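Subject: Structure handover

Hello,

Here is the structure I said I would pass on. Please keep it open while you read the notes below it.

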Amino acid sequence: MASFYGTQFNRDGLGNGNLPNISTELDSVRSYQWEVQIAADQNYTLAAKKVTSVTMTSEDIVVDRVNDKVYFPGKVTPEAITVTFDNTLAGGMDKSLFELFTKTYDPTTGTLGNAEDIKFDMQILLLNNSVDVHSTIDVFGAYVQKYSLSELQYSENSFNTIDVTFRFDYINLS
C-alpha cells in the first residue's frame, strides 16, 4: 500500500509546498446533517434537535430439525421514532406539537382520533457536505404516540426540550 500512495498521489516533494489531491467522494453522511418535515410543514424543521434511529426489524421463524436449526424471515415490525424538539419561545413549538398529539387523543374531550384523521407522512432529509439533500427517509402512516416535556428543574443549565414519539406503518429510503 505504501508504494500505491507514493506513486498514485504524488507524495514526492511534499516539503516543497506541494500537497496531494484528496478525494471527498468517499465522505460519509454526517450524523448532524439532517432535517425533519412533518406533513410537509416547515415549522417543525428548525426545532428538531435529535432523531432516534429509524429501525425496521424482521422477526425470525425458527424451524427446529433433528440435528439443526433453520431460520426464515418472519413478520417485519417498525420501531417508534422519537424526535427531540427545542421548545422555542417565538415559534410556539410546545403548542404546535401538543395540537398534533390531540389528533391522536384529545384530553379535553376524552376522544380518540380516527385513523384517517390522525395519520400523516413525515420525511427525514439527510444532507451532504454542501447542505443539499443526499437521500430521503419517507415515513408513511405516522401518528403521535407520546408527547413529553423535558424535566423542569433549577439545577439544569440547558434549554427546555419536547420529546415526541411517532409510530408509523412503513418507510422508504430514496
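The notes below go from the whole chain to single residues.

Please keep in mind that this is a predicted model, in which local features need pLDDT of at least 70 and side-chain atom pairs count only at pLDDT 80 or more, while totals for chains, interfaces and linings use all residues. Residues are numbered from 1 along each chain as its sequence is written, and side-chain values use heavy atoms, with hydrogens and water left out.

Overall layout

The protein chain has three helices and eleven strands. Helices here are DSSP runs of H or I with at least four residues, strands are runs of E with at least two, and both are numbered from the N terminus. Read from the N terminus, the order of elements is α-β-β-β-β-β-α-β-β-α-β-β-β-β.

The chain has 174 residues, and 25% of them count as buried. Buried means under 20% relative accessible area, exposed means over 50%, and partly exposed is in between (1.4 Å probe, protein chains only). The accessible surface of the protein chain is about 12,400 Å², and carbon and sulfur atoms account for 52% of that. These areas come from the Shrake-Rupley method with a 1.4 Å probe, and for residues only the protein chains shown count as cover.

A contact means heavy atoms within 4.5 Å. If you take the contacts between residues at least 6 apart in sequence, 56% join residues at least 24 apart.

The core

Which residues have the most contacts inside the largest nonpolar core? They are Ile38, Phe85, Leu97, Phe120, Met122, Val164 and Phe166, in a core of 25 residues. At least two core residues come from each of β1 (34-38), β5 (81-86), α2 (93-102), β8 (120-127), β9 (133-149) and β10 (161-167). The most come from β9, which gives five residues. A nonpolar core is a set of buried Ala, Val, Leu, Ile, Met, Phe, Trp, Tyr and Cys residues joined through side-chain atoms within 4.5 Å.

Neighbours within four places in sequence aside, its contacts include Ile38, Leu100, Val139, Tyr143 and Phe166.

Two buried threonines

Thr104 sits in the loop between α2 and β6 (105-106). Is Thr104 buried or exposed? Thr104 counts as buried because its relative accessible area is 15%. A polar atom of its side chain lies 3.0 Å from the backbone oxygen of Val144.

Thr161 is in strand β10. With a relative accessible area of 13%, Thr161 is buried too. Among the residues it touches, not counting those up to four places away in sequence, are Lys49, Thr84, Phe85, Ser148 and Leu149.

Salt bridges

A salt bridge is a side-chain nitrogen of Lys or Arg within 4 Å of a carboxyl oxygen of Asp or Glu. How many are there by this rule? The count is four.

One of them joins the side chains of Asp169 and Lys119, at 2.8 Å from N to O. This pair links distant parts of the chain: Asp169 is in the loop between β10 and β11, Lys119 is in the loop between α3 (115-118) and β8, and the two are 50 residues apart. Asp169 is partly exposed, at 32% relative accessibility, and Lys119 is partly exposed, at 33%. Asp169 also touches Pro78, Phe140 and Gly141, leaving out residues up to four places away in sequence.

Another salt bridge is between Asp68 and Arg65, with the closest N and O atoms 3.5 Å apart. Asp68 is partly exposed, with a relative accessible area of 39%, whereas Arg65 is exposed at 53%.

Lys95 and Asp94 also meet in a salt bridge, at 3.8 Å from N to O. Lys95 counts as exposed because its relative accessible area is 55%, while Asp94 is partly exposed at 24%.

Regards

Methods:
A polar contact is a pair of N or O atoms within 3.5 Å; within protein, one must be able to donate a hydrogen and the other to accept it, and residues adjacent in sequence count only if both atoms are side-chain atoms.
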